[in-house]
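Trainee: I would like to learn how to read a model like this one from start to finish. Could you walk me through it?

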Amino acid sequence: MPSDGQGGNYLVYCGRVLPTTRDRSSTRSSTRSSLTPWLGLATSLAAAFMQLLDATIVNVALPSIAVDLGAGVSAQLLMVSVYVLAFACSLITAARLGDLWGRRAVFLTALSVFVVASLLCGLAQSATMLIVCRGLQGLAAGSMSAQTFAIISGLFPKSRHPRVFGIYGATIGLATVSGPLIGGLLIEWNLFDWGWRLIFFVNIPIGIAALIVGYFHLSDAKADAVRTLDLVGALLSSLALFLLIFPLAEGRARGWPTPLVVMIAASVPIAVAFVLYEYRLGKRGGDPVLRLELFRDRAFAVGAALAFVFFGTLTSLIFTISLTLQFGFGFSPLRAGVMTLPWAVGMGVAAVLSSAVYRLLGNRVLIVGMVVFAGSLLTLSTILGRVGTDPSWLSLAGPLLIGGAGLGLFVAPLQTAILASVRPQHAGSVSGLLPTVQQVGSSIGLALIGVVFFSLVAGNAPAAVQGERENYVATLEAAGLNAGIRDIAEKTFVDCATSQLESGSPMTVAPECSSKGSAAAASGPAQVAVTAAYASTRSAAGEAFLQAQRSVLTIISVIALAIALASLGLPKVNTLVMEDQKTL
């Protein structure tokens, strides 16, 4: 048998030299090892998609959950906020646990818990059980997310980071904007008559597949140096995040009671105490859970600030658009999701192409993305002003597609811009810090834009109701109601519609107006008046939400342009990426 002189044996077959079994095994091993980073990335992406999707998908199912489990408004709010709260509060501590115990071990354990929690959420027989299981889901999601950056960074060299973090950025962007569409589809399909439970059960096969792939293809990396768990820092950071995020998630719907305001105020000194403690611990040569020296790097500091503002803006925009389409325009969850489909398509395509654009423009691609995004929002506002409260899919598809492309050109390269100058020994700290920045940004942005949006709805309510008043009276006249009944019905409509739209929850009919409607329904003419009042209130709500949404689109376009301007603070070229490319 011929040999290559280096221990490799070959067979000659039909004039071709083929490796023997041992060499073919070596070839398969090499192929398998070359696929390992990408399979590890696929596991991380599947987990990231589920984590972020579950933060928004529940919103679509809340009406069904409320009816099935008898959940009140407070319980419904907790079903959403407890997940975000547990997610955010676990991130920094979980990142350190990954340093201590191994990122693969913590990731796979958290993924297993997430799958079990999803099953328990789907099986929940009471609102309390669902809230508790959502909290468990959030803790598991945060613990997974806290390992992601470090895992991906370890799987690929710096030269590959623009591409792989572009894919990661596209995934988190798509997960964020796809919640309404996927939730609407699952509820509409109602497979096996599971109803809302399907939004949780769908995580199980995806999670199990990710567990299997991750078990074989994730490396169990730990920090190079011996690390310790900074218990004081972990407790202070978790407490500060809890005191900040819980009131922001619950405050608007609860009318900002004093205890929630006090919690926000208390979060500030505790956050300051956390930073001071971490600084002093680091100066003493200790092992702080947060490496403050990261912020001395301009690229990281500016990038983290951009991520904070961007994710707060994006989450808020999705929230207001979802409310406008469903509660303002009266669209079903599925139709609302389909309306935003071009957004997701544009983001996905642009994110795939963003690595090529990044090679040409460097970090300046972030400016291009935000300018395109801002322009699309202004165009969308103009079109909405023209088409009104019943827009067709085609009328909005163009600006949404372009806006999604702008988002894809920004969110995909953003991760690379932030992480480009981070040293490997700080990967664990960054894995906890960046998702925390994004979550806190989303919570604060949602609270602020939520206040602004509902204030705008309230401000537009009187004009919208007055604009519908004439149509309402004409409907009553056509129905043959006498002048006395018309006058009473007209005043009731104006008072109730205005009161509802000016309230903190304009999607809900005030109890006194609901009872008036029920009582009046006993007689024929009054029934006509009530039915017409509901229809006219819906029309007035559509107009109020429309004008509020147009104002929000303008505000967010200005924020997007400010983000583009701030992106100039980043170096045009990420030096560590370029240095790594030169060594290859």
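**Reading the fold and its helices**

Mentor: Let's begin with contacts, meaning heavy atoms within 4.5 Å. Among contacts in the protein between residues at least 6 apart in sequence, 82% join residues at least 24 apart. Please keep in mind that this is a predicted model, where local features need pLDDT of at least 70, side-chain atom pairs count only at pLDDT 80 or more, and totals for chains, interfaces and linings use all residues. Residues are numbered from 1 along each chain as its sequence is written, and side-chain values use heavy atoms, with hydrogens and water left out.

Trainee: How many helices and strands does the protein have?

Mentor: Helices (H or I, at least four residues) and strands (E, at least two) are DSSP runs, numbered from the N terminus. Here the protein has 19 helices and two strands.

Trainee: And what percentage of the residues is buried?

Mentor: Buried means under 20% relative accessible area, exposed over 50%, and partly exposed in between, with a 1.4 Å probe and protein chains only. Of the 584 residues in the protein, 53% are buried. Helix H5 is mostly covered, with 21 of its 29 residues buried.

Trainee: How do I read the packing of H5 with H12?

Mentor: Start with the axes, which are lines fitted to C-alpha atoms over the stretch in contact; angles run from 0 to 180 degrees between N-to-C directions. H5 (residues 161-189) and H12 (residues 341-361) pack at about 175°, with axes 9 Å apart. That makes H5 roughly antiparallel to H12, a label for angles over 145 degrees.

Trainee: Which residues of H5 and H12 meet?

Mentor: On the H5 side they include Ala170, Gly173, Leu174 and Val177, and on the H12 side Ala344, Met347, Gly348 and Ala351 are among them.

Trainee: Where does H5 bend?

Mentor: The bend at a residue is the angle between axes fitted to the seven residues ending there and the seven starting there. H5 bends by about 55° at serine 178, and proline 180 follows within four residues.

Trainee: What is the phi of the residues after H5?

Mentor: Most residues other than glycine have a negative phi. Just after H5, asparagine 190 takes a positive phi of about 50°. Phenylalanine 192, not a glycine either, has a positive phi of about 55°. It lies in the loop between H5 and helix H6 (198-201), and counts as exposed because its relative accessibility is 67%. Aspartate 193 is in the loop between H5 and H6 too, with a positive phi near 60°.

Trainee: What does the side chain of serine 316 reach?

Mentor: A polar contact is a pair of N or O atoms within 3.5 Å; within protein, one must be able to donate a hydrogen and the other to accept it, and residues adjacent in sequence count only if both atoms are side-chain atoms. Serine 316, in helix H10 (residues 298-328), reaches the backbone oxygen of glycine 445 at 2.8 Å with its side chain. Serine 316 counts as buried because its relative accessibility is 0%.

Notes
Angles under 35 degrees count as roughly parallel, over 145 as roughly antiparallel, 65 to 115 as roughly perpendicular and the rest as oblique.
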